[in-house]
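Hi everyone, thanks for coming. Today I'd like to walk you through how the chains in this structure meet. Have a look at the picture and then we'll go step by step.

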Number of protein chains: 4
Amino acid sequence: MRQTRRNNGQRPGDMLKRIMGKEQAQELGFGKNITAEGRLMNPDGTFNVERDPPGPFANTYFWLVSMSWLRFMALTFVSFGLINSLFALVYLSVGIENFNGARPEKEFFSNFSQMFFFSSQTLTTVGYGHVSPSNFTASLIASFESFLGLLTFALISGLLYSRFSLQRAKLVFSEKILVSPYKDGKGIMFRIANGRKSELIDTEVRAMFALNQMDESGNAYRKFYSLKLEIDKIMFFSLSWTLVHAITEDSPMYGLTQEDFLQMNGEIMVLVKATEEANHQTVHARRSYTAEELVWDAKFLPVMGKTANGIPRVLTNKIGDYAPLS
Amino acid sequence: MRQTRRNNGQRPGDMLKRIMGKEQAQELGFGKNITAEGRLMNPDGTFNVERDPPGPFANTYFWLVSMSWLRFMALTFVSFGLINSLFALVYLSVGIENFNGARPEKEFFSNFSQMFFFSSQTLTTVGYGHVSPSNFTASLIASFESFLGLLTFALISGLLYSRFSLQRAKLVFSEKILVSPYKDGKGIMFRIANGRKSELIDTEVRAMFALNQMDESGNAYRKFYSLKLEIDKIMFFSLSWTLVHAITEDSPMYGLTQEDFLQMNGEIMVLVKATEEANHQTVHARRSYTAEELVWDAKFLPVMGKTANGIPRVLTNKIGDYAPLS
Amino acid sequence: MRQTRRNNGQRPGDMLKRIMGKEQAQELGFGKNITAEGRLMNPDGTFNVERDPPGPFANTYFWLVSMSWLRFMALTFVSFGLINSLFALVYLSVGIENFNGARPEKEFFSNFSQMFFFSSQTLTTVGYGHVSPSNFTASLIASFESFLGLLTFALISGLLYSRFSLQRAKLVFSEKILVSPYKDGKGIMFRIANGRKSELIDTEVRAMFALNQMDESGNAYRKFYSLKLEIDKIMFFSLSWTLVHAITEDSPMYGLTQEDFLQMNGEIMVLVKATEEANHQTVHARRSYTAEELVWDAKFLPVMGKTANGIPRVLTNKIGDYAPLS
Amino acid sequence: MRQTRRNNGQRPGDMLKRIMGKEQAQELGFGKNITAEGRLMNPDGTFNVERDPPGPFANTYFWLVSMSWLRFMALTFVSFGLINSLFALVYLSVGIENFNGARPEKEFFSNFSQMFFFSSQTLTTVGYGHVSPSNFTASLIASFESFLGLLTFALISGLLYSRFSLQRAKLVFSEKILVSPYKDGKGIMFRIANGRKSELIDTEVRAMFALNQMDESGNAYRKFYSLKLEIDKIMFFSLSWTLVHAITEDSPMYGLTQEDFLQMNGEIMVLVKATEEANHQTVHARRSYTAEELVWDAKFLPVMGKTANGIPRVLTNKIGDYAPLS
């Protein structure tokens, strides 16, 4: 389907010529060596790029603070089990008879579980004392384990705090990006709202446009343009915000049809930067829209409602609602 | 009362025309779809806007770090009681006879309280050991509880630190905003002081003005303007600071009377941004003044005193003191 | 002495006129209502200004993180003793006989010390268990104390981390500020060095000059000027840095003699702002020089040496060394 | 070898004259008093400069957070052993007979080890209780030790969190800097990539050039210049980035040969500044290249590959790969 257009196409050629005249926005940070298939940015704002880490631990911290809460908790819990199992085996090798209060039995599992629980009481420093080490070696290992336990929980404290404080801004984006009449021509529009109660201050939005082009030798490569937004910075962002790029002659989108977008694998990338008041930090959010997420001749439906007390209310779940233009 | 003026009024119409000629300051972040009743910003700087959260946990962190210290402590304490009660019930279902040192009794409450205290000793890792788990299931649950206990307190450590470090600047604002003679005309004035001992550096103030207007179809909507301040940034803010907006012809307030302000539901919003030295962070404070908080023809009384040693002293409790102009 | 000059003085009058012609730098943040005695900034950079706190706890955090380490440790230790004493009294009122392993004795102090140590074992969650609560009330209070203990140590963790990370840049300033020949005229010079191993990046210096003047009614008040520095921003600050203000005709210091400085209670205030690499934060340091700390016709001695390996070495203890010009 | 050139050299003289005409970039922060041997910046970006600390503890925090993880862990572990040994000796001096459950023996080491393990159980608050203090003095010291233990682990928590959050950006630099044909002349090029999975936003690069020169009296000193980069700021840095300085007539490198670089001890210093998304902080990375690391007439080999799924992949281990130009 997409191929047909390219084959019969006079317009794509003209268009290509026109667009190639425009200088690529090099300051975006994308070079020429990126090819044409797939999207560069995933819808959640992560880049569709792999990077070989330069060393085995280069990304440990990032991995630990950016995994989901469920996975983090599961990881912590499993580590707790593994460390205790390991120490249980060490204590067994020292000999269960070197622990006051432990009852040596024939069954391996019974002895193992007694040592496992002793280990857990040592690692968490709960130390009931109904079991306690009686000889030198057992005491030494238990001493080391309690030391290790405190270090580990200090580390978990640090990670928990990191996870808390380093959250991304939770911005809600419209799922689609609309092409609608704007001023004398057309414009593309998307809508965002703050998904947290904490206020965002000095919010800034930048948008980019990527599409495939051919170089002289006929190889496809990806080109990147900045998209000028009508308003790109606001002081307060307590309501919703509709962002507009006017498709004037200066726009890299000028003259492109829906089919052109699909064929050239068009992608619109959005970067939002703001100061989050709750933690006084600059936060970033990103979103990417592919050609399939571009809706032609539609307009957004109202997103503002009212509470029972007459207070304005942002209906964030309606942020993406739109209707076709008649 | 307010109605009468509108009915007999030639002036409001003229004024509306004049103000509507001025372009709304769109970069403030308020759109057209906000209607006219009530104030948009509460006196404490929070916005009078509701936002539906996009998910159940989107605001948990914000909620935990922004609640009052009293509520935070109460919440922690109640959670401690509930978790211990829950574990007490679990231990009872395992059987109190599986705990060394526990005394099974007929009364439910006596057994419950023994298990509640065992739970508390496990959760806090105090672990006296006069009660200790004796069989596998009891040990396993106690092991899990001590693990949970450490996680919980690690989490509380993180929250406490967040609460400490993420405090807002404590700015003291004058309760009223004054309209007084300034240069050849009039100006509006408000006064602020730093309520903390920690110094504020590079303090910046921005002011906005909101009022109701009618569109062509006679519907009221709210319009927003920036207010230019005579000095809007200072290097040190160790004394008090009186901020002044001169009501010249360029001002959106030019020609408005006290009645106009009331009738049009005028609101002045102030945003202060500074670097707090104690935590090297950019902090924000906001305040809103409604038409009722605007005092005409008054001046601020002195706010600077002296200590016994002759050192200048900012009397922050007098920051709002003013006297009518004779 | 200072008086005589004013009395016989034609020059001070002239000078006053000349200086008063220059506009005060209002963006520094000092108003007119500061009078003339004493210095405004202490040598260590704190302001010589009192501010009434708006509430009893407005400065608790600032106080806790900015006190010296010795005082902080002493405060923590004394609090530990007081909390344990308090709980010891509560346990005694419950009755020492309600504690397993405690030995009730006739002497108050013996009972008190047993309960004090039980309390300490509970608060720190060490919980040996040779003493443990036996009835409901004792168990309940001990449970609450262990909860409180964990909260308290979570809080201390947070404060310790705050204290660590929120340290000021440790800049070493020359004790004196020199007036020396510079280009075709004179200049004032002071020297700074970074007292930490951590690098400072994008270091910026601003200087101000304050002196007393008379208004029309003959009242002394303090006026503030910005001082232009020859170079006021450097990318790396790994060596020492000599800052220079050229006393040209544009300078508020032009034409002032040493006696003028003393008589008018001149004060030079310096603000250094930099990004500290170790904690990626913007840090500030301040220093003030009074007229007494101004040395005329002197030059700084070299501050750079070499290590045994030929590596350049900043001798920070010589940062203030100067010699008179012959 | 290097000498010969200087001796026979007409060109160096000319060149010196030409370069000395260019004003040194004083805003870099390097003065005249740095001499000519060795490099100023080490390859890892630390400065080759010593600074005397102004006090014994001025650099403790920096030292603790910047040492390697291995050393940090070893230090913690050794401190744990030393503190316990110290307290063991104190407990022995109080008398081992004042501890319930301890078995006084003739051998010193046996008593010492019992007290060492009691100390470790107290410091970590594990407190099994099979050994517990029985008289006043022993209880008092144990109480103090448990207090100290909690403080210490609170401190370690804070340090661990500091170490986690304050990591430098892990940038991978090409090992060599290339001189290749660029536009109509030549340019120097180096290549960087982000070594972490966390994205870098608004990445900025600055480059400097240092070389030795003679002053009028024939003494060598070091001069510093800014190097203008073709593109010096990009929005996203998810791919690799080749930085280029064009050696035009305005460049301080214009006309220099490879031998000139060696002879004048040329050094190119690079500073990268970016916002790291994972911790919302501004991070810095530095790298220095000496004349020996400058490769003439070479070009970089491709650094971008593809994963099995066709996703672009940055091969960070090939960041420095280059080939000579034919």
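Let me start with a term we'll need: a polar contact is a pair of N or O atoms within 3.5 Å, and within protein one of them must be able to donate a hydrogen and the other to accept it; residues adjacent in sequence count only if both atoms are side-chain atoms. Also, please keep in mind that what you see is a predicted model.

Okay, with that term in hand, let's look at where chain D meets chain A. The rule finds 6 residue pairs in polar contact across that interface, both residues being at pLDDT 80 or more. Which parts of chain D supply at least two residues each to the side that touches chain A? There are helices α4 (69–94), α5 (108–123) and α6 (136–165), and then strands β7 (200–214), β9 (233–236), β15 (304–306) and β16 (312–314). Of these, α6(D) gives the most, with 7 residues. If you sort that side of chain D by class, you get 27 nonpolar, 20 polar and 10 charged residues.

Now the overall numbers. On the chain D side, 57 residues are in contact with 65 residues of chain A. The area buried between the two is about 5,600 Å², and carbon and sulfur atoms give 63% of that. Within chain D, the residues that lose the most area to chain A are D:Tyr128, D:Phe236 and D:His280, together 15% of what that side buries.

What about charges? Between chain D and chain A the count is 2 salt bridges. In one of them, the side chain of D:Asp202 meets that of A:Arg206, at 3.0 Å from N to O.

Next, the strands. A quick reminder: strands of a sheet pair through backbone hydrogen bonds, either parallel or antiparallel. Here β16(D) pairs with strand β1 of chain A, residues 50–51, in the parallel sense over 2 bridges. Find D:Arg313 in β16(D) and you'll see that its bridge partner is A:Glu50.

Which three residues supply more of the area that chain A buries against chain B than any other three? Those are A:Tyr128, A:Phe236 and A:His280, with 15%.

One more stop, at chains B and C. An open sheet of 3 strands has the order β15(B)-β16(B)-β1(C), with mixed pairing. Its edge strands are β15 of chain B and β1 of chain C, each pairing on one side only. β15(B) and β16(B) pair in the antiparallel sense over 3 bridges, and in that pair B:Lys306 stands opposite B:Pro312.

Finally, how do the copies relate? A rotation of 90° with 0.0 Å of shift along its axis superposes chain D on chain A, with an RMSD of 0.0 Å. That is the relation of a four-fold axis. And why do we say that the copies meet through different surfaces? Because only 12% of the interface residues of chain D are also interface residues in chain A.

Definitions and conventions:
Residues are numbered from 1 along each chain as its sequence is written. Chains are lettered from A and ligands numbered from 1 in the order in which they are written. This is a predicted model: local features need pLDDT of at least 70, side-chain atom pairs count only at pLDDT 80 or more; totals for chains, interfaces and linings use all residues. Side-chain values use heavy atoms; hydrogens and water are left out. Contact means heavy atoms within 4.5 Å. Buried area is the accessible area (1.4 Å probe) that two parts lose on being put together, summed over both. A salt bridge is a side-chain nitrogen of Lys or Arg within 4 Å of a carboxyl oxygen of Asp or Glu. Helices (H or I, at least four residues) and strands (E, at least two) are DSSP runs, numbered from the N terminus. Ala, Val, Leu, Ile, Met, Phe, Trp, Tyr, Cys and Pro count as nonpolar, Asp, Glu, Lys and Arg as charged, and the others, Gly among them, as polar. Two strands pair if DSSP finds at least two bridges between them. Copies are superposed by least squares on the C-alpha atoms of residues with pLDDT of at least 70 in both.
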